[in-house]
Amino acid sequence: MGKFSGFLDKAKARFGDKQSDTQQQPIRKQADGPSSIQDASYADVQRYRYHHGTNIGSVFILEKWLVGSMFPDNAQGSAELAAVQGWMNKEGTDSAKSRFERFWQEYISDSDLDWLRDTAKCTTIRLPIGYFTLGPPYCEGTPFKDVSKVYENGWSAVKSVVDRCQQRGIATLIDLHGLPGGANAQEHSGTNSGKAEFWSSKSNRDSATRCLCFIAQQVKNLPGVAGIQIVNEAEYNASNMYDWYSEVLNQLSQIDASMPVYISDAWDLNQAANWTRSKNSPGVLGNPVVIDTHFYWAFSDDDKKKSPQQIISEVSGKFGALDGKDGSVIDHGAVQAVVGEYSCVLTEDSWGQSQGTPKEDLVKQFGNTQSQSYQQRAGGSFFWTYRMDWMDGGEWGFKQMTNAQSITPPASLRLSKGEIDGKISDAQYQQQDRKTQTVNAHSNYWDSNHPGTYEHQRFAQGWDVGYSDAIAFFGMRSKQGLEGADKIGMLDLWCLKRIRESGQGGPFVWEFEQGLRQGIRDFYQAVGVYESQIQS
C-alpha cells in the first residue's frame, strides 16, 4: 500500500485543483465516442518500447575521423562531398558509384547485426542518412548535383539495412542527419562549408520537406521503422525552426499520422518540451512528436575543468527540464525525449583530474550511470557510435563499451523466453486481485479525502488497458522467437495514443489516464521488473 499511497499523494497534487474546479461547476454530460483501442501490435511495440540502441555508424554520411578508408588521398575535405568528389576525380563516376554501393552493402555485416541483437540486446538503431542519399532528384540545386549519379541506389541501400535489421527484431529510426545547406556548421551535414544555411533559406527548407515526405511515403508500409527524425542537431536558437517543424508535421500527418516524428531540441530541451506539449495533446490529431536531445561532456571549455566524478554526478540531472512537464497527458500534453547521441568520452583535461582512480573504473561508472539514468527518464538512448574503421572504438565505440559492461541494456532484455513466459503467467494469475486492490484504493482515496462526483469506472477501464498493454509489450519478442522482454519506454506518448483511441471525453478522462498508468505500473510490480520512469 505504501507504493500506491505515494502515487495517490502525487495524484492529489496533480489533480487537486482540477477536482476543486469540477465541483464548482455543473458536471457536463459526457461526450464519449466509440473506442478504437485494439491489442498492441508488433509495430506498436517497435515504436513505443524503450529503445536501447546505437547509431549504426558513418555509413550513409561519411566522416573522415570515423571512416578514413572511404577518403582517397586527393580528397579536399573531411565530409561526404569531399570523399565522393575525390573518388570520382580519381577513378571516374561508374567506379566511384560501385565503390559506394559496395560500402553501403558490406560495411555493416550480418555478424555486426547479429552481435547487436544477441550480445548488445539492441532493440533499435539510429540510422543517419543525408538528403543526397535519396538520389539524384533530391540533389538538384545542391552541392551534390554533379555527383548525384553515385546515389542512384542510395535509398534502396537504406531500405536494405532496415530490412536486415527487421529480420533480427531490431527496428530503425531513420535520421535525416544531413539537410541541404546544413542545419549546423559541422561536417556531418555532408559538406565542409562550415555554415548552417538551412534555416535562412526557404528553398533549402522546402527541399528538406520534400525529402521527408518521400521518406514518409516510402516507409508507410515498410516494417521495422520506429520513427522518422527530421533534423539532427539543429543550430541553437535557429530562426524559423519551430515554424518549419510545424510545416513538416502538417505534411507528414497527411501521409501517415501514426509514425512517430523526432525533432532536434537545438540544445534547449526546456523550449522543445514546451513546444511539443501543444502538438502531443489529446485534442490534436497528428503524428506523435519525440524530442531528440544529445548529451556530451567532451567539447566545452567548461567541461574540461570538471573531474570525471563531477561529470558523473551531473548525469542524473540532465532531464530536469522535463520536471513538471511529463507524467500527465490530460493536464499538459505528452512530453517524450530520447537521447539520440551520447558516449563515454571525456577530455584529457578531465581524465587528468581523476584523483588516482583508474580510468577504466571511471569509464564504467560513467557509462553505467548514463545507462541507468536514460532508462529511468528517457524513451530510449542511442550510443555514438557502432561501426568505424578503428573498431572496437574506445570510449566512442558501442561495441567496446558494451563488452566492457560500461553500457548496459535494461534488465528485461536479458530475460530468457522461459523466464518471460513464466512471469507473464504469474502476472495474469495476480491480475484480478491487483485490479481490485488498486481500484478500491483509488476510489476510497478520492471519495474520502475529496468528496464529490466521480466516474471511477474510467479508472478501472484504464487499468485494464494498461495492464494488458504491458503484458503485450513484455511478451511480444517471445512471440517473435526472440530473447528478452520489452517495456513501454515512450510512456507519455503511449498514454496519449490510448487516450485518443479511447473515445473518452468530459472532465473525468484524467481517471482513465491514472488507471492506465497504474495498470502498467502494477504489471511491472507483478513481474518484478520495475520501471522507475513510470511516474509513481
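Select Arg498 and Asp469: they form a salt bridge, with their closest N and O atoms 2.7 Å apart. (A salt bridge here is a side-chain nitrogen of Lys or Arg within 4 Å of a carboxyl oxygen of Asp or Glu.) Arg498 sits in helix H18 (residues 491-502) and Asp469 in helix H17 (residues 456-479), so this pair ties together parts that are 29 residues apart in sequence. Helices are DSSP runs of H or I, at least four residues long, numbered from the N terminus. Are these two partners buried or exposed? Arg498 counts as buried, at 1% relative accessibility, and Asp469 is buried too, at 3%. (Buried means under 20% relative accessible area, exposed over 50%, partly exposed in between, using a 1.4 Å probe and protein chains only.)

A quick word on what you're looking at: this is a predicted model, where local features need pLDDT of at least 70 and side-chain atom pairs count only at pLDDT 80 or more, while totals for chains, interfaces and linings use all residues. Residues are numbered from 1 along each chain as its sequence is written, and side-chain values use heavy atoms, leaving out hydrogens and water.

Now pick Arg517 and Glu513, another salt bridge, with closest N and O atoms 3.0 Å apart. Both belong to helix H19 (residues 509-527), four residues apart, or about one turn. Arg517 is buried at 4% relative accessible area, and Glu513 is buried at 1%.

Jump to Lys202 and Asp206, whose salt bridge brings N and O atoms to 2.8 Å. They are four residues apart in helix H7 (residues 202-219), about one helical turn. Here Lys202 is exposed, at 54%, and Asp206 is partly exposed, at 31%.

The structure holds 34 salt bridges.

**Last stop: the cores**

Which residues have the most contacts inside the largest nonpolar core? Select Trp244 and Tyr245, in a core of 106 residues. (A nonpolar core is a set of buried Ala, Val, Leu, Ile, Met, Phe, Trp, Tyr and Cys residues joined through side-chain atoms within 4.5 Å.) Helix H8 (residues 241-256) gives the largest share of this core, eight residues. Apart from this core lies another, of 42 residues, including Tyr42, Tyr262, Ala470 and Val529.

Finally, zoom in on Tyr245. Leaving aside neighbours within four places in sequence, Tyr245 is in contact (heavy atoms within 4.5 Å) with Trp199, Ile230, Val231, Ala234, Ile263, Ser264 and Trp275.

Key. Helices (H or I, at least four residues) and strands (E, at least two) are DSSP runs, numbered from the N terminus.
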